[in-house]
Structure formats: C-alpha cells, structure tokens
Amino acid sequence: MAVPSELGEQTCAEDDYRALMGSFPTGVAVVTSTGADGFPRGLTCSSLTSVAVSPPTLLICLHTRSSTLQALCESGRFAVNLLRAEGRHVAELFSRPVDDRFALVTWAFSAANGQPVLMEDAVAFAGCRVTRSLLVGDHAVVLGEVTDVTRAAGVPLLYGLRRFAAWRPDQDG
C-alpha cells in the first residue's frame, strides 16, 4: 500500500486540518493518570474512540510533551473520565496550564485501577491498562484495555465547531 508521501501528495495545512476536525462533534473526556511521584496528572482529550469489544479496548491520543502521557507510561494505567454536560469548567481547566488542577475539582483514586476519578464531573469513568502505544507526529496513540467501568446519571458534554454543547436525546433535532 502506497502512503501519500510516496505518491508525491501534499499534506493539508494545519489550520485546514483543525477546521476539519472542529466540524466533527465529539464527547469530551479528561484523561488522568498517576506518575511515579504519586501525583495525579490529567488533560482534556477529545481524541478518544472505541477500538474493540473483545477485549474491551479504547484509543486515546496525547501530545508527546504531555506530563499526563509521561505518567501514563510510568504507571501503565490511565483513566478516562467522560464529562457530564455541567462539566465545561472542568474541560476548560484541564485544557490549560494550571499549577494544580486537581486542587480545583473533587476527585479520588479509583479502588479498581488506582487512577484519578473526577467523581462529580464525570458521567462515566473507564479504568484502563496500557496495551500498546505508537508515536505519530507530535502525538502518541495509546491503546488501553478497559478494566473497569462506572456510570452515573447525567448527559455527556460535547465539543464541536469550537463550542461546548450537551447531548439531549429527548430533544428533536
């Protein structure tokens, strides 16, 4: 199979690519992990997808300079906190450099996989064990086998077209 560079094709401009992906609404998650120092790390992530049901596996993409990625590599575990509609402030908090994000949210270590859970702000939580990773450009693609799931009441937070919205299945659309 020929790859684009072998065919002499150009890649699109970064702004065009961002516009394309911004046109694809997605759920909003905060990926968390704990480094060797025992401190929690986390970041907002919309690059998340299901890969397989058996074994249950999901995929996340994190910037290679991310301290969350470093913690995930050290521990071999991470958590995906799917934010509830009311969690916009948490999505924004974990998307910016802040000295101690975790001091500004309610969280606890998961009893099942030991990673940080955003108890009040997540509509669902998945504990994961890293099974593979791959560097692609300035990001790492990480596959995680889901070891435990917790669900709570509420509707998920969405992001697209540079705006946050709530999934409201009971509304006509």
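All views come from a predicted model, in which local features need pLDDT of at least 70, side-chain atom pairs count only at pLDDT 80 or more, and totals for chains, interfaces and linings use all residues. Residues are numbered from 1 along each chain as its sequence is written, and side-chain values use heavy atoms, with hydrogens and water left out.

**View 1. An open sheet of seven strands.**
The strand order is E3-E2-E6-E9-E10-E5-E4, with antiparallel pairing. Strands (E, at least two residues) and helices (H or I, at least four) are DSSP runs, numbered from the N terminus. Two strands pair if DSSP finds at least two bridges between them. E3 and strand E4 (48–53) stand at the edges. Each has a single partner strand, so one side of each is left without a neighbour in the sheet. The twist averages 35 degrees from one strand to the next. Angles run from 0 to 180 degrees between N-to-C directions, and axes are lines fitted to C-alpha atoms, for helices over the stretch in contact. Helix H2 lies across E2, E3, E5, E6, E9 and E10. H2 runs at about 50 degrees to E2.

**View 2. Strand E6 and its two partners.**
Five of the seven residues of E6 are buried, so this strand is largely enclosed by the rest of the structure. Buried means under 20% relative accessible area, exposed over 50%, and partly exposed in between (1.4 Å probe, protein chains only). Four bridges join E2 to E6, and the two run antiparallel. Seven bridges join E6 to E9, again antiparallel. Val80 of E6 stands opposite Val31. Val80 also stands opposite Ala126 in E9.

**View 3. The largest nonpolar core.**
This core has 16 residues. A nonpolar core is a set of buried Ala, Val, Leu, Ile, Met, Phe, Trp, Tyr and Cys residues joined through side-chain atoms within 4.5 Å. Leu58, Ile60, Phe78 and Val80 have the most contacts inside it. Strands E2 (29–34), E3 (40–45), E5 (56–63), E6 (77–83), E9 (122–136) and E10 (139–151) each give two or more residues, as does helix H2 (67–75). Apart from this core lies another, of 11 residues, among them Leu83, Val90, Phe102 and Leu157. In soluble globular proteins, nonpolar side chains tend to be buried together. Beyond its neighbours within four places in sequence, Leu58 is in contact with residues including Leu48, Phe78, Val80, Ala126, Val142 and Val146. Contact means heavy atoms within 4.5 Å.

**View 4. Asn113, a buried loop residue.**
Asn113 is found in the loop between strand E7 (108–109) and strand E8 (116–117). At 7% relative accessibility, Asn113 counts as buried. Leaving aside neighbours within four places in sequence, Asn113 is in contact with Arg77, Phe78, Phe125, Gly127, Cys128, Thr147 and Asp148.

**View 5. Three salt bridges.**
The structure holds three salt bridges, each a side-chain nitrogen of Lys or Arg within 4 Å of a carboxyl oxygen of Asp or Glu. Arg129 and Glu145 meet at 2.6 Å, N to O. Arg129 lies in strand E9 and Glu145 in strand E10, so the pair ties together parts that are 16 residues apart in sequence. Arg129 is partly exposed at 33%, and Glu145 is partly exposed at 23%. Asp37 pairs with Arg41, the closest N and O atoms being 2.7 Å apart. Asp37 has a relative accessible area of 44%; for Arg41 the value is 22%. Glu92 pairs with Arg88, with the closest N and O atoms 2.9 Å apart. Both lie in helix H3 (residues 88–93), four residues apart, about one turn of the helix.

**View 6. The E4–E5 pair and its loop.**
Five bridges join E4 to E5, which run antiparallel. Thr49 stands opposite Leu59 in E5. Pro55 sits in the loop between E4 and E5. A cis peptide bond joins Ser54 and Pro55, with omega about -5 degrees. Most peptide bonds are trans.
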